[in-house]
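Biologist: Thanks for sitting down with me. Could you walk me through this model, one question at a time?

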Amino acid sequence: MSKRRVMLVGATGLIGREVIARASRMPDIALVGLGRNEMEMPPGARFELLLADPANWDEAVATINPEVVICALGTTRRKAGSDEAFRKVDHDLVLKVAQAAKETGADHFVHISAVGADMASRNLYLRTKGETEHALQRLHFRRLDVMRPGLLRGARQGDFRLGERVATVLSPVTDLLLWGGLKRFRSIAASAVATACLQATREKPGGAFVFQHVGMHRLIQRFEKKR
């Protein structure tokens, strides 16, 4: 069986670690990570990790030579320390990876954004996410998949977020209140988003696709059928 070479950026984050854990059970892909720091691998992981300074990530991407990219890069304004530092990760670094991948020959990019992403938003986080999505579309990958999860459920390592923790505790109740068009704001497990991303790497039709809560769960259903 030929394996598709899939590059993961953002491997140390909540979703990235879930991608690594689930990819170990997928014989049809060879997963290679690009990061800046060493990390403890999840049990049973089949995963290579190339370490490089982000300033040299364009060269690192060329070395990996991926067919598909899963981009789980992301931070927060608080963690980054300033608006500019936040944008450098969530916009500039994402685009740097995407451009390098396109130039190397990758034709499929899977990006994790956020529900409510909108270039016109007054909220820095959502506006930056929207601008990043728009810039990715202009690169014209054969296929672009954008995941827009709501509140992520899962245990973060070394990144305590009080507001997110409280919202997670309340999510079983608040999710029940979100119906119709509001379903897209429902919480979702990081493992589910990771599964949706991995299924997206198997999808064949070309074009640009945006998956919100319901759409991601449809990808997960296809993933389970494949298993």
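This is a predicted model: local features need pLDDT of at least 70, side-chain atom pairs count only at pLDDT 80 or more; totals for chains, interfaces and linings use all residues.

Biologist: How far apart are the end C-alpha atoms of H5?

Modeller: H5 runs over residues 124-137, which makes 14 residues. At 1.5 Å a residue they should span 20 Å, and the model agrees, because the end C-alpha atoms are apart by 20 Å.

Biologist: What separation do the C-alpha atoms of arginine 127 and glycine 116 have?

Modeller: Arginine 127 and glycine 116 are 11 residues apart along the chain.

Biologist: Now to histidine 111. Why does histidine 111 count as buried?

Modeller: Histidine 111 is found in strand S5. Not counting residues up to four places away in sequence, histidine 111 touches Cys71, Val94, Thr132, Leu136, Asp145, Val146 and Met147. The cut-off for buried is under 20% relative accessible area. Histidine 111 counts as buried because its relative accessibility is 1%.

Biologist: Which residues have the most contacts inside the largest nonpolar core?

Modeller: That core has 35 residues. Among the elements that each supply at least two residues are strand S1 (4-9), helix H1 (14-23), strand S2 (29-35) and helix H8 (213-226). The residues with the most contacts inside the core are Leu8 and Met147.

Biologist: Which element gives the most to this core?

Modeller: Strand S4 (68-71), strand S5 (108-112), strand S8 (188-189) and helix H7 (190-200) are also among those supplying at least two residues each. With 8 residues, the one giving the most is H7.

Biologist: Which residues does methionine 147 touch?

Modeller: Residues up to four places away in sequence are not counted here. Among the partners of methionine 147 are Val110, His111, Ile112, Ser113 and Ala114. The list also includes Ala196, Cys197, Ala200, Phe211, Met216 and Leu219.

Biologist: How many residues are in the second core?

Modeller: The second core is separate, and includes Met7, Trp57, Ile64 and Ala106. Its count of residues is 27.

Biologist: On to H8. Within what arc do the buried residues of H8 fall?

Modeller: The buried residues of H8 are His213, Gly215, Met216, Leu219, Ile220 and Phe223. Seen down the helix axis, they line one face of H8. On the other side, Arg218, Gln221 and Lys225 are exposed.

Biologist: What covers the buried residues of H8?

Modeller: Two strands in the cover are strand S6 (143-147) and strand S9 (207-211). The cover also includes S8 and H7.

Biologist: How far from the ring centre of phenylalanine 209 is arginine 143?

Modeller: Arginine 143 lies over the face of phenylalanine 209. Elsewhere, the charged end of lysine 102 sits over the ring of phenylalanine 141, 5.7 Å from its centre. For arginine 143 and phenylalanine 209, the value is 4.1 Å.

Biologist: What is the phi of histidine 140?

Modeller: Most residues other than glycine have a negative phi. Histidine 140, found in the loop between H5 and S6, has a positive one although it is not a glycine. Histidine 140 is exposed, with a relative accessible area of 61%. Its phi is about 60°.

Biologist: And where does asparagine 65 lie?

Modeller: Asparagine 65 also has a positive phi, of about 55°, although it is not a glycine. Asparagine 65 is partly exposed, with a relative accessible area of 42%. Its place is the loop between helix H2 (57-64) and S4.

Note on methods. Residues are numbered from 1 along each chain as its sequence is written. Side-chain values use heavy atoms; hydrogens and water are left out. A nonpolar core is a set of buried Ala, Val, Leu, Ile, Met, Phe, Trp, Tyr and Cys residues joined through side-chain atoms within 4.5 Å. Buried means under 20% relative accessible area, exposed over 50%, partly exposed in between (1.4 Å probe, protein chains only). Helices (H or I, at least four residues) and strands (E, at least two) are DSSP runs, numbered from the N terminus. Contact means heavy atoms within 4.5 Å. The arc is that of the directions from the helix axis to the C-beta atoms. A charge sits over a ring if NZ of Lys or CZ of Arg is within 6 Å of the ring centre and within 35 degrees of the ring normal. The expected span of a helix is 1.5 Å times one less than its number of residues.
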